[in-house]
Amino acid sequence: MTVPGLTATVQRWVLTLAALAVLSLLITLVVGIAGVFGFASVEASGGDQAQATVVTGASCSDPNAKEVVNLTVDGKQRQAKLDACGHAQGDPLTVTVPSNRANDASGDLLVHSAQADMGVDDAWRPIGLGLLFLAGLAGGGYALLYLREPGAKLPKLPWVTGS
């Protein structure tokens with residue numbers, strides 16, 4: 001296939017970049033389709049919401065800070081550990097109690113703030129796939145530049161002016 005007005009070197013680069021774009025697109029489609037079928041996706045933890053009151057606050061300077069809260073679970077008053085910090089004693093909170101009622105390593109019920117965003121949102125998937133496509137183009141383009149022959153000059157494109 002020849003294009004009038006383009007040298008063989010320019011045509012080779014254009015075809016190589018087109019092949020790179022197609023490969024990046026195929027990889028993005030495979031990852032996107034895998035995500036649609038549930039692969040590489042995080043399922044929301046779910047659970048019941050309950051009103052809680054902070055009994056013991058925790059300082060945010062501790063990397064594993066956990067506060068103690070009082071709440072009603074399954075009709076019983078319980079204390080649970082809240083995976084949060086910075087609340088004062090007596091603060092009311094809405095918490096999410098996991099549906100499996102899993103305990104943390106110490107045997108206490110572990111709850112999470114209901115207002116916390118877990119970062120799982122399918123609305124951001126197209127943006128992530130677009131960034132994956134661009135990353136494939138950038139990585140492949142860098143590999144092409146890195147692996148070319150030493151001393152080889154890039155072709156001068158007729159539609160680009162300047163030196």
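Modeller: Let's start with Thr28, which is found in helix α1 (residues 8-36). Helices here are DSSP runs of H or I with at least four residues, strands are runs of E with at least two, and both are numbered from the N terminus. This is a predicted model: local features need pLDDT of at least 70, side-chain atom pairs count only at pLDDT 80 or more, and totals for chains, interfaces and linings use all residues. Residues are numbered from 1 along each chain as its sequence is written, and side-chain values use heavy atoms, with hydrogens and water left out.

Colleague: Is Thr28 buried or exposed?

Modeller: Thr28 is buried, with a relative accessible area of 9%. Buried means under 20% relative accessible area, exposed means over 50%, and partly exposed lies in between (1.4 Å probe, protein chains only).

Colleague: And what does Thr28 touch?

Modeller: Leu129, Leu132 and Phe133, not counting residues up to four places away in sequence. Contact means heavy atoms within 4.5 Å.

Colleague: Step back a bit. In what order do the elements run?

Modeller: From the N terminus on, α-β-β-β-β-β-α. That is 2 helices and 5 strands.

Colleague: What do the strands build?

Modeller: A closed barrel of 5 strands, in the order β1-β2-β3-β5-β4, with mixed pairing. The twist averages 50 degrees from one strand to the next. For that angle, axes are lines fitted to C-alpha atoms (for helices, over the stretch in contact), and angles run from 0 to 180 degrees between N-to-C directions. Two strands pair if DSSP finds at least two bridges between them.

Colleague: How many bridges join β1 and β4?

Modeller: There are 6, in the antiparallel sense. Ala50 has Val95 in β4 as its bridge partner. β1 and β2 also run antiparallel, joined by 4 bridges. There, Thr56 stands opposite Val68 in β2.

Colleague: Which residue in β5 is the bridge partner of Val95?

Modeller: Ser113. β4 and β5 (residues 109-113) are antiparallel, with 2 bridges.

Colleague: What else is Val95 in contact with?

Modeller: Leaving aside neighbours within four places in sequence, the contacts of Val95 include Asp48, Gln49, Ala52, Leu71, Leu82 and Val111. Val95 is also one of the residues with the most contacts inside the largest nonpolar core.

Colleague: How many residues does that core have?

Modeller: It has 14. Val69, Leu71, Leu82, Val97 and Val111 are also among those with the most contacts inside it. β1, β2, β3, β4 and β5 each give two or more residues to this core. A nonpolar core is a set of buried Ala, Val, Leu, Ile, Met, Phe, Trp, Tyr and Cys residues joined through side-chain atoms within 4.5 Å.

Colleague: New topic. How many salt bridges?

Modeller: The structure holds 1. Lys66 and Asp83 form it through their side chains, at 3.8 Å, N to O. Lys66 sits in the loop between β1 (48-56) and β2 (67-73), and Asp83 in the loop between β3 (76-82) and β4 (92-97), 17 residues apart. The definition asks for a side-chain nitrogen of Lys or Arg within 4 Å of a carboxyl oxygen of Asp or Glu.

Colleague: How much of the chain is buried?

Modeller: Buried residues make up 20% of the 163 residues.
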